[in-house]
Protein chains: 2
Amino acid sequence: MSNPDVMDKLVSLCKRRGFIFQSSEIYGGTGSVWDYGPLGVELKKNIKDRWWHAMVRSRDDIEGLDAAILMHPRTWEASGHVAGFVDPLVDCKVCKGRFRADKLEDAKCPQKPSKQPGQHDACALTEARQFNLMFKTHMGALEESASIVYLRPETAQGIFVNFLNVQQSMRQKVPFGIAQIGKAFRNEITPGNFIFRTREFEQMEMQFFVEPGTDMEWFEQWKAMRMQWHLDLGLSRDRLQFHQHRAGELAHYARAAFDVTFDFGGTLGFQEIEGVHNRGDFDLTQHQQYSSKKLEYFDQVNNKRYVPYVIETSVGADRVTLAALVNAYREEAVEGETEGRVVLGLHHALAPIKAAIFPLTKKDGQPEMAHAILNDLRNSFTVDYDETGSIGKRYRRQDEVGTPFCITVDPQSTTDQTVTVRDRDTLAQERVAAGSLKAYLAAKLV
Amino acid sequence: MSNPDVMDKLVSLCKRRGFIFQSSEIYGGTGSVWDYGPLGVELKKNIKDRWWHAMVRSRDDIEGLDAAILMHPRTWEASGHVAGFVDPLVDCKVCKGRFRADKLEDAKCPQKPSKQPGQHDACALTEARQFNLMFKTHMGALEESASIVYLRPETAQGIFVNFLNVQQSMRQKVPFGIAQIGKAFRNEITPGNFIFRTREFEQMEMQFFVEPGTDMEWFEQWKAMRMQWHLDLGLSRDRLQFHQHRAGELAHYARAAFDVTFDFGGTLGFQEIEGVHNRGDFDLTQHQQYSSKKLEYFDQVNNKRYVPYVIETSVGADRVTLAALVNAYREEAVEGETEGRVVLGLHHALAPIKAAIFPLTKKDGQPEMAHAILNDLRNSFTVDYDETGSIGKRYRRQDEVGTPFCITVDPQSTTDQTVTVRDRDTLAQERVAAGSLKAYLAAKLV
């Protein structure tokens, strides 16, 4: 029933093949922070570019934004984060460990890993106190408390404070949205599961401003559109589910909320990768109050003025990257071979390398012809060149990183200017004229 | 002789037309931090994508990386930033101002703006002390000094600590490079000049690892290639100059250093937009020492082991964005009109909007035909639609944001399926078949 746990295998593959490394690994790592390697950065970039195209470039009614990580500290008073973005924590005076008071049953005492904190004699837990999850720093030339700034814990507030700047400069009419991709930071006490929950992460958020009363209709539309986006990325339908926030679960500002959850397999199971929220007028109203600036929209056609409601779609770029990897990972037997193959069956649009070019041997003009093909394809696709090891070994290397097509230059190629193209998934090999490879790939890579 | 100062006009245009807004403007702004609006984010993305293509995707010998902002604190001891990334500061006990001791002549006393600090009676300056420019924060569950982390002041160190991870996972051979684009942070005491010097900024850095002894040859190659990249962006040849770091100016680790400088006009004049540095083996050797991990390369062909030298190219994405804007801004008289036009003569590849589509009037099927064209072009180019105001006014709007082509649907269009295409720079108008617009633009937009 449940999908297998492939996380350990993925962590290993990601390091070995240049997708994801532990941050500052030579110094023992930075807690729950990860670096994207050469293939990981392409995979994540493909996901981000696809989101940007779907949300911004393909629509008239959404504008892009790239607001700064460092915002005015009043922002976080208005948003409620200074007062409310907290976890209740207890410290142990003996082991110096810090634990979430509401998650003690998941925590282990560092000195007695078989026990929970509080379960053995030497343990001395303090009273629970509120710990804010925002990273705090100081900015500027004046040594005053006013110079405290936070690393943003979400990108959304950069959109709210720019609502009128964007609406007016782009002459947009409600309903319209603002979208952005950017880093956010949370000093999580219990992060983990590889890049699922990290202290530094990247969000892709869109806030859609609508007239009050039309909000639930737009909410339903965005809910459906966002689920479809994940399906279009190639995530399996049976690994995707909505989770509805019920009355007790809803944030105080939310009128309705659904999570898109993905089954990461094993004990992790279904977890949120995106949230779709009806935030009402909470955010703009708060910022109006804290900034004493009007954040209203004037509807010229109907001659009325109002604070728009907001439908938010908020997706974690790292979580979608992890979902795409988990979804794509498979081990297969190979006919006639004892060792099987590992395949990342990534959607073509997400694959970090679209095609790899191999000369069968390192002589007879094959490397030269392979390089000519490489350079011809390079402006249109991300491509790789490999001339080391057997062809079988080279296929396995590309399968493992999800390359959809392998192009081999063989003795026949230098004679008749054709090459073989091998499909990652079907394993079918086709003879294609070298001169038409660009068109061939363009047609296949959709 | 010197180029005009267009900065104030640009700041105004950038806000009005959705390129760049002051960060957290409704709260009075965040000091020297800026938000990119809908057109600014596209302009900057075009610059970043172009760099990524030139440095990573078009080459076999450079790999991409996206390392985290939060790194292990030992990184910054090894790099020398904890001890050495400091400015000497003095505080005034009266006005609470903080000033760079070595730049007092540029500073103004907040209470007597006509005077420099120290020049009037009430002033009470402290002794100079060293102020570290790194933003500092605390990470994680343990309340110890070990949990201090810094916001990276440069992206380069993320590359150095991943040198072997990348080399081994991608099976690269020296000489090869690692490139990344990412945010960095410096608590500058005297930031300014719009997005020229900001506290939060984006770097595009590449470290090229070479065999000692071949370093000056590679240095000269990279110096030439990077200057050419700026020229290829359309920056005027007479606004670009090299500035060589002489003996007294060279950083202690640098064997040679040149800046690419751009003339921003007015009193700002020529300023660094990129640095090309021969860093020798300083960085890898430091990280070896501080991490006790070998960071050597083994040359299998010649059976020798060494710590590579590094040629670094480091360019500010925000500075190039500003240079592109300054370079592109021009005011022109228009024949037969009293008001002139403002044009952003951006390189086609950088223009946030490639083409705008106008129906001449809002009737007779023109808006429908214009929308059909819009939707047809949208998957290939960033496009805009505008039906409000006179055609002349719509042209001016697009000129001001640098749109290379304006496509007008007029009465003839709905009869013979042709449209006029107007060129931003030549003002020439051409009649083009609507069905061939995609190919027409693809050919022009190079």
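Start by selecting His347(A): leaving out residues up to four places away in sequence, His347(A) touches Arg50(A), Asp232(A), Leu233(A), Gly234(A) and Val446(A), where contact means heavy atoms within 4.5 Å. You're looking at a predicted model, in which local features need pLDDT of at least 70 and side-chain atom pairs count only at pLDDT 80 or more, while totals for chains, interfaces and linings use all residues. Residues are numbered from 1 along each chain as its sequence is written, chains are lettered from A in the order in which they are written, and side-chain values use heavy atoms, with hydrogens and water left out.

His347(A) sits in the loop between β18 (341-344) and β19 (355-359) of chain A; helices (H or I, at least four residues) and strands (E, at least two) are DSSP runs, numbered from the N terminus. A polar atom of the His347(A) side chain lies 2.9 Å from the backbone nitrogen of Ala349(A).

**Next: helix α2**

Select Lys45(A) and Asp49(A), which both lie in helix α2 of chain A, four residues apart, about one turn of the helix. Their side chains meet in a salt bridge at 3.1 Å, N to O (a side-chain nitrogen of Lys or Arg within 4 Å of a carboxyl oxygen of Asp or Glu). Lys45(A) counts as buried at 15% relative accessibility, whereas Asp49(A) is partly exposed at 26%. For these labels, buried means under 20% relative accessible area, exposed over 50%, and partly exposed in between (1.4 Å probe, protein chains only).

**Across to chain B**

Now pick Arg57(A) and Glu42(B). Their side chains form a salt bridge of 2.4 Å, N to O. Arg57(A) lies in helix α2 of chain A and Glu42(B) in helix α2 (residues 38-57) of chain B, so the pair joins two chains. Which of the two is buried, and which is partly exposed? Glu42(B) is buried at 6% relative accessibility, and Arg57(A) is partly exposed at 24%.

Helix α2 (residues 38-57) of chain A gives the most to the side that touches chain B, with 11 residues. That side of chain A divides into 32 nonpolar, 27 polar and 28 charged residues; Ala, Val, Leu, Ile, Met, Phe, Trp, Tyr, Cys and Pro count as nonpolar, Asp, Glu, Lys and Arg as charged, and the others, Gly among them, as polar.

**Arg378(A)**

Move to Arg378(A), in the loop between α10 (366-377) and β20 (383-385) of chain A. Arg378(A) counts as buried, at 7% relative accessibility. Its contacts, leaving aside neighbours within four places in sequence, are Val383(A), His53(B), Arg57(B), Ser58(B), Arg59(B) and Asp60(B). The Arg378(A) side chain reaches the backbone oxygen of Ser58(B) at 3.5 Å.

**Inside chain B**

Select Val260(B) in strand β12 (residues 256-263) of chain B. Val260(B) counts as buried, at 0% relative accessibility. Beyond four places in sequence, Val260(B) touches several residues, including Met227(B), Leu240(B), Phe242(B) and Ile273(B). Val260(B) and Gly275(B) are 15 residues apart in sequence and 6.2 Å apart in space, C-alpha to C-alpha.

**Last stop: a network**

Back in chain A, select Arg330(A), Glu332(A), Arg341(A), Asp399(A), Arg422(A), Arg424(A) and Asp425(A), which are linked in a network of salt bridges. Over all chains, the structure holds 66 salt bridges.

Notes
A polar contact is a pair of N or O atoms within 3.5 Å; within protein, one must be able to donate a hydrogen and the other to accept it, and residues adjacent in sequence count only if both atoms are side-chain atoms.
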